[in-house]
Amino acid sequence: MAIASAAVALVLAMAAAAETPAPIALTDCTTSCGNVSVPYPFGFGPPRCYWPGFNLTCDTSSAPQPPRLLLGDGKLRVAEISLQKASVRVVRTGSIIDSASITSDRNVSFGGSFVDAGYMLSNRNELVLSGCNLLATLVEDLGVGPGRSGIISGCASFCSFRNKKVESVGQPTGKYCSGMACCQAPINYHSSPTGMHLRWLDAGNHSEALTFLPTYVFVAEEGWFDRRPLADELLSVKQSPSKAALEVPFVLQWGVKQGLPPLPSLPANTSTACSDDAYRMLCKSEHSVCAAGNLGYTCQCQDGYDGNPYLAHGCQG
């Protein structure tokens, strides 16, 4: 009888544990801002609610609109945080280069709002350019001397002015743009961009080119611009796009560095297992694993478990 009672108690205890939701954040810390979940090591509010360097801002000043979760200097809105992919999806409003200012070649800064906060641009993004007879290049500082920049990605967009009645520039299948009136180029590796360069491919007055089609330069999550209704709206010559159409998502990568042992020297975009010290300090779930990469350390739940590996009992099967 005692054995049966013990067995029943064990079953009940296991059932109760299974029903207990995995923790998202530390005790008494807010777990969301608006409709965005905020898992630890990210957080806002008291410093104990986030790992150093992972503090965000929950902006409630836009009431009655929902609160907005902001990264860094506030220019980027956070739309999603993924612990599994060690990524953050952010949203930037508008073109990187204002079309009203491109009567001549332009070099503008891009990337400081997230690079300075410790993030890198993910290879799950692409460069998008629309306009006539323009070349766009996304660049990074190679650190080998003043003025030396490396090209992360680039593409050229051409127009023929013989046909003045163009209403759509999209392609029937695959990528929306082929290089006529707009172009798309992959970003093949995680990078720390510093600027965007825009060059005219022809000389003389560019007023006709600027009125022929809208000129935009975006860094966007792959697939965003291939949604036909959205791209058609952005490239319409009949009316200006809606504000929603100019909300451009792109993906950042992150890793944890502060307060942890120095990272091992690794080739770009590679990772290795953590040291025991780094694992013990960062990955608090008993069902977690730890990896060291160029950006920092990251934790994952073991196969068969889900949840937050940065918290005690965070990974549950």
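Trainee: Is Phe225 buried or exposed?
Mentor: Phe225 is buried, at 1% relative accessibility. Buried means under 20% relative accessible area, exposed over 50%, and partly exposed in between, with a 1.4 Å probe and protein chains only. This is a predicted model, where local features need pLDDT of at least 70, side-chain atom pairs count only at pLDDT 80 or more, and totals for chains, interfaces and linings use all residues. Residues are numbered from 1 along each chain as its sequence is written, and side-chain values use heavy atoms, leaving out hydrogens and water.

Trainee: OK. How many aromatic pairs are there?
Mentor: The structure has 10 aromatic pairs. In one of them, Trp224 and Phe225 are tilted, 6.0 Å centre to centre with 45° between the planes. Rings of Phe, Tyr and Trp (its six-membered ring) pair if their centres lie within 6.5 Å; planes under 30 degrees apart count as stacked, over 60 as edge-to-face, the rest as tilted.

Trainee: And Trp224, buried or exposed?
Mentor: Trp224 is buried, with a relative accessible area of 5%.

Trainee: Which residues form a ring cluster?
Mentor: Phe42, Phe54, Trp254 and Tyr310 are linked into a cluster by ring pairs.

Trainee: New topic. What does the side chain of Asn133 contact?
Mentor: It makes a polar contact with the side chain of Asp202, at 3.5 Å. A polar contact is a pair of N or O atoms within 3.5 Å; within protein, one must be able to donate a hydrogen and the other to accept it, and residues adjacent in sequence count only if both atoms are side-chain atoms.

Trainee: Buried or exposed, that Asn133?
Mentor: Asn133 is buried, at 10% relative accessibility.
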